[in-house]
Amino acid sequence: MLRISFVLISSLILLASCHQEQREIGFNGPIEVVNQDTIPYVVPEFSFHNQDSVIFGSKELAGKFYAINFFFATCPLQCPMITNNLTAIHEEFKGNDQFQLVSVTLDPDYDNCKRLKEYAEGYGIETAYWSFLKGTEKQTFDLMQKGFYQAVVKDENIPGGIDHSARVILVDQKGRLRKWYNGLKPKELEEMRKDVKYLLR
Amino acid sequence: MIKICLSLFVLISVLSCQPTEAASDLKNKATYSLGLKLYQARCAACHGDQGEPRAKLYPPLKNSDYLKNNQSSIPCIIKHGLEGEIIVNGQSYNAKMVGHSDLSALEISQLINYINNSWGNDYGFTSLEKVKTQLENCQK
């Protein structure tokens, strides 16, 4: 009797420890329904240059999960906080080839590749796992507004001159827009960390 | 009995005489706490909550020789930013700082009073009048 109880209790404990927390991540962006099938939104392709002046974009990110945000190196208000917050994500996932952080500059006139590299080095970032990209201003604004549905507007009345969304957007290995998180809120990025961990399991 | 009461009265009067804070000290404390709020909103993200930045891209404000020795330039730096290499405590910094042109002279004086007197810094208190004059002479 004792033996049976022991086996039963051990099995229950084993089952309980094997249980993985299910996370509902879903899809974001405009959803299409075709013949009753829901087709998630796939972000448009983009191709920019990274901090090493090497071409980097959708092609290099294919098959990987990535989290993308838009910033600029001289941004005095939001971006330093967002970059600070993202360093925690970077610390967790650097070394994992299935996940990338991507930050695209909204001020390519000033943020040339050399400055992007200095920015990354200044934060102690390993650019193999966190790329800093620049395209033309038009390409970048179009991608942000029409590709990722995030707000951005030039406003000379605010320090830095560009008012932009603080969101970090998660894209999956098929280029589908999954979820976005407020990069200024550590709690939301903590949710992102858990979501990424779950997706990479 | 009257003598005792009188003596007691004198004693109590003397003991209740607290040294009053100088009006200037109170004013400085007021600007300091207003400066703290401004610092947290505008400066801490780059220069650090305690004047020591997280990224080595940005110079420290804590125990900064540059801050100590360039007091008259600080209002213009806050208002209009700074570009070009500077040396702070023997380290070179070259990242561009954009200005906070929307801050008023009053806000800038509050910010400076906070920075000048935090984290062990002992660089004195500025005044609104001084900051106004310095801002009029900024090289843009």
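In the predicted model, Phe71(A) stands opposite Thr105(A) in strand 6 of chain A. Strand 5 (residues 65-71) of chain A and strand 6 (residues 99-105) of chain A run parallel and are joined by 7 bridges; two strands pair if DSSP finds at least two bridges between them. Helices (H or I, at least four residues) and strands (E, at least two) are DSSP runs, numbered from the N terminus. Residues are numbered from 1 along each chain as its sequence is written, and chains are lettered from A in the order in which they are written. Local features of this predicted model need pLDDT of at least 70, and side-chain atom pairs count only at pLDDT 80 or more, while side-chain values use heavy atoms, without hydrogens and water.

In chain A, an open sheet of 7 strands with mixed pairing has the order 4-3-7-6-5-10-11. Strand 4 (55-57) and strand 11 of chain A are the edge strands, each pairing on one side only. Strand 10 (residues 167-171) and strand 11 (residues 177-182) of chain A pair in the antiparallel sense over 5 bridges, and Ile169(A) stands opposite Trp180(A) in strand 11. Their hairpin has 5 residues between the strands, with Gly175(A) taking a positive phi near 75°.

In chain B, Ala105(B), Leu106(B), Ile108(B), Ser109(B) and Ile112(B) in helix 6 meet Leu128(B), Val131(B), Lys132(B) and Leu135(B) in helix 7, contact meaning heavy atoms within 4.5 Å. The residues of this contact divide into 7 nonpolar, 1 polar and 1 charged, where Ala, Val, Leu, Ile, Met, Phe, Trp, Tyr, Cys and Pro count as nonpolar, Asp, Glu, Lys and Arg as charged, and the others, Gly among them, as polar.
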